[in-house]
Amino acid sequence: MASKVETIINKYEADKGQLVSILQDIQTEHHYLPKEALDEVVALLDIPASQVYSVATFFKAFSLTPRGRHLIKVCLGTACHVRGAAKVVDKMELDLSIKRTETTPDMRYTLETANCVGCCALGPMVMIDEKYHGQITSDKVSPLLAKYE
Amino acid sequence: MGSRPRPNDKAPAGRLNSPKQLEALRASILNKRDPKRPCIALCVGTGCLAYGCVDIFQAFNNEIAKQKLQNSVDIRATRCRGFCERGALLTIYPQGVFYQRVKLEDVPEIVTETIVKGRIVQRLLYTDPNTKEQYAKEADIPFYKKQQRLLLDANSKIDPTSIEDYLAIGGYSALAKVLFQMKPEQVIEEVKKSGLRGRGGGGFPTGNKWQSTREAHDEIKYVICNCDEGDPGAFMDRSLMEGNPHSVLEGMIIGAYAIGSHEGYVYIRHEYPMAVENVMTAIKLAESKGLLGSNILGSGFHFKVKVSRGGGAFVCGESTALMASLEGKVGEPRAKYVHTSEKGLYNRPSNLNNVETWANIPHIILKGSDWFSSIGTMTSKGTKIFSLVGKVNNTGLIEVPMGMKLRDIVYGIGGGIRDGKKFKAVQTGGPSGGFIPESHLDIAVDFDELTRVGSMMGSGAMIVTDENTCMVDMAKYFVGFLQEESCGKCLPCREGLKRMLQILTDITDGRGREEDIELLARLAATLKDAALCALGSTAANPVLTAIKYFRDEYEAHIKDHRCPAGVCKPLITYSIINEKCPGCGKCVEPCPTKAITFVAKKEPVILDQEKCIKCGTCYDICNLKAVAIK
Amino acid sequence: MNKLVNLTIDSRKLQAEEGKTVLEVARENGIDIPTLCYNEELEPYGACRLCLVEITKNNRSRLVTSCLYPIEEGLVVKTGTEKVVANRKMLMELLLARCQGVKAIEDLAKKIGVDQPSFKPEYFEKNGCILCGLCVRACAEVVGTSAISLVNRGVNREVAAPFLETANDCIGCGSCVYVCPTDFIKMEETGDTRTIVNWKATFKMQKCQKCGKNFAPEKQLEYFRKKLNLPQGFFDVCPDCR
């Protein structure tokens, strides 16, 4: 793990200003931000631990706890809201027995919401593992979730 | 991801060291292209991914190979051209035949019938839902015909990962003109004369901003492109950045030259991975050709650009918060009593502009400020890209001259309200804007008119709502959105939004008090006067306009515990319309609480109100509209 | 000395050096403007918004935070207009709703003339922290260790040590305790140990070799000894005995 963080930091020329991008690459690697990786960032970039922790908790993109095998993002942008996205996320919570931002105990799914993914004409939008699913309504939730292990 | 069309990997031909070399390269590219050769331009933008366009692109490649047409037909991966309602879509050049709602199964037929035999596949043509007229050419379709696609037109024609495509349509000639025929002050004059105002929402005169930054005293100055596009419902910048990143880069280099900056940043929200990928490709290709980096086109001017990603924070669309994020800090705004043109990124003079603003620059340079200012209204020049979404028939991206009537946009281009419902309001300006009701449908859409009726231009999202949209719920939605996105630094925004959300939730849940409307107004006033940044100071707009134009809905919720639009769960009930229910039982199994009981065929089902959690599944699944919401 | 600037605050004609803020000039002239997140030793932050004043420039009036607004020639400032007072009152209502039972807030509310928040009592909170950021800023700007920071965002924002564990960079100097306006940050001392409770940081105190008093955490002294390049053993004796 040590060399991976170092590689990422070198890719950004150890530029402190690129902290958010660096954390994103680390998260892509580990599916979340492990504390050990963040400790390395503090040491290699020579910035206070408090700053890294603030940034990691400020931006919605980051998770400090391990995520499930499949990441669900339900878009709650205005266009999707107007077409009933609230009901879609409620149904997801019901089906998975977890609340938004949580992960199922069997680590199958992490349920998150996004404040607009930019596919406003096809709403309500649901992304699962970076794959876009459009025009999702309450009745389509169960069949969609069944497709993923 | 592996099956996506790969970025164009043609080996670059080497650096261009003069405008002459640039034109020579352009000529050689055009010479190699036969304008009569059929080209299938298929949209593979983010919006169309959900329509399976990647597989369709692959299928075309396979079919063309299968029919041995590789040397006579081109297939080009373009990005968003706006008619998102009708994806997957493609245009076949040079005729300009437009096919919509294309499915994987249609591919062989398109190649055989249209490419080989020159025949139209009727069922894939656009049919106007109102007049039933069919259109073969993209240019004739009312959705496109009524637009003025200055910026978006190229999206239908180029593969954004190919610099050759951009050069073929005249790309970088504005840059050459600026570097070799104009002084920085002249460039700023042109932009000022054009009347271009910021397209991100502020509407500040771009030329003036460039001038202030130029006049600031510092050797190091920064030029920044704001592609954070946080307004939900807005995807104009996504489409420009995905579909034509070179146009944005060209604008930035011109701006940097005018201002005296040699370092720039493109800040893209991380929710737009394709835009990030495409602009990074564009930067590499432009650098390889000497159109970016050191000694651009042999002019001696150097300018380099870095790409930075957002982390999922709407507040980072605010310029000072964006700059903080670029410094590796949390996206907290700061007071702008000292402007960022004086002290911005790393406390240096910084010029930040929106994607669409930058994209307008090459056009202004090439065609002149007189031409640009002839489009639009007295105070708002040029065109504006809007995302027309929500309960409208033709949802998608449109580009129209400033000053077009809102009615013409919603009905003329948008095709009116879907499912035959009644229009209620258009919400513009994102969470900072307001609702525009039917009484104002004839306003000319420009910066000042929208502000006059209580809303604002914002980045360009236009959300159309109908009779089934609850205006209290919408206000609650926006306040909830802003509460989640608030950075939390200042007291009025953090605490004020919290209390506003509690009040609005009480109202939608039937616990509203008589004095709540007055209290909301007081909170709104404090947000407006006391908040640190525009997120907070404009946060009350959706609530205020909703109360102003739809007060009766608020009073119905508070006094009668009723939701007229049928949205607020605690105030509505679902029921079976016995006359319409044929007893097919389709709704029984999917019901999560087993609240619906199957009786017999031809007998209506029974819905147990005690068990019903109002999830809406039965309503969505019933094809016969036998479920009512009261 | 910087150029002198002429401005008016509450109809009083004043003169002050360019580069100062409206708040600084007001305070120097005995004009009272309430603040919560302001401290003379720290960079102004602009979070509490209580120091809002109404300025008029080129016939345009607006509200600005006096702690951050730089004075200008001809600036007209009013510290008690109807708009300013109405905003101050609402800000206090918001604070009271958040910080039930916090004496400093209740006292300030009385002074400003606010009794009870207009919101439903069931939503009141008993938060002891007003998120003024003084502790974080003192730690970063004066002490230089940045041991703590403001984490999360929006309504979840709070002051915390990294990972909500022990603040490893904390040196136990107690600056955060000193600047906190609501007594939210607690320090405990027993025998030769000091604990900054909120950051779960415990320190062994240095005993003065002369008088035997436990006068400061060893870690704090070592930090400053190194920072100021002082000789080994410099802090073996407390300041009183030196």
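Domain 1 and domain 2 of chain C bury about 890 Å² between them, 60% of it on carbon and sulfur atoms, where buried area is the accessible area (1.4 Å probe) that two parts lose on being put together, summed over both. This is a predicted model, in which local features need pLDDT of at least 70 and side-chain atom pairs count only at pLDDT 80 or more, while totals for chains, interfaces and linings use all residues. Side-chain values use heavy atoms, with hydrogens and water left out, residues are numbered from 1 along each chain as its sequence is written, and chains are lettered from A and ligands numbered from 1 in the order in which they are written.

The two domains of chain C span 1-127 and 134-236, with bounds that come from an automatic or database domain assignment, and their centres, taken over C-alpha atoms, are separated by 30 Å. On the side of domain 1 that touches domain 2, the residues divide by class into 9 nonpolar, 1 polar and 2 charged; here Ala, Val, Leu, Ile, Met, Phe, Trp, Tyr, Cys and Pro count as nonpolar, Asp, Glu, Lys and Arg as charged, and the others, Gly among them, as polar.

The table sets out the two interfaces; contact means heavy atoms within 4.5 Å, a salt bridge is a side-chain nitrogen of Lys or Arg within 4 Å of a carboxyl oxygen of Asp or Glu, and a polar contact is a pair of N or O atoms within 3.5 Å, for which, within protein, one must be able to donate a hydrogen and the other to accept it, and residues adjacent in sequence count only if both atoms are side-chain atoms.

| Interface | Residues in contact | Salt bridges | Residue pairs in polar contact (both at pLDDT 80 or more) |
|---|---|---|---|
| Domain 1 and domain 2 of chain C | 12 residues of domain 1, 10 residues of domain 2 | 0 salt bridges | 4 residue pairs |
| Chain C and chain B | 33 residues from chain C, 34 residues from chain B | 8 salt bridges | 26 residue pairs |

Between chain C and chain B about 3100 Å² is buried, 53% of it on carbon and sulfur atoms. C:Lys83 forms a salt bridge with B:Asp529, their closest N and O atoms being 3.7 Å apart. On the side of chain C that touches chain B, the elements giving two or more residues are β4 (60-65) and α2 (82-98) of chain C, helices (H or I, at least four residues) and strands (E, at least two) being DSSP runs numbered from the N terminus. The largest share of that side, 9 residues, comes from α2(C), and its residues divide into 19 nonpolar, 5 polar and 9 charged.
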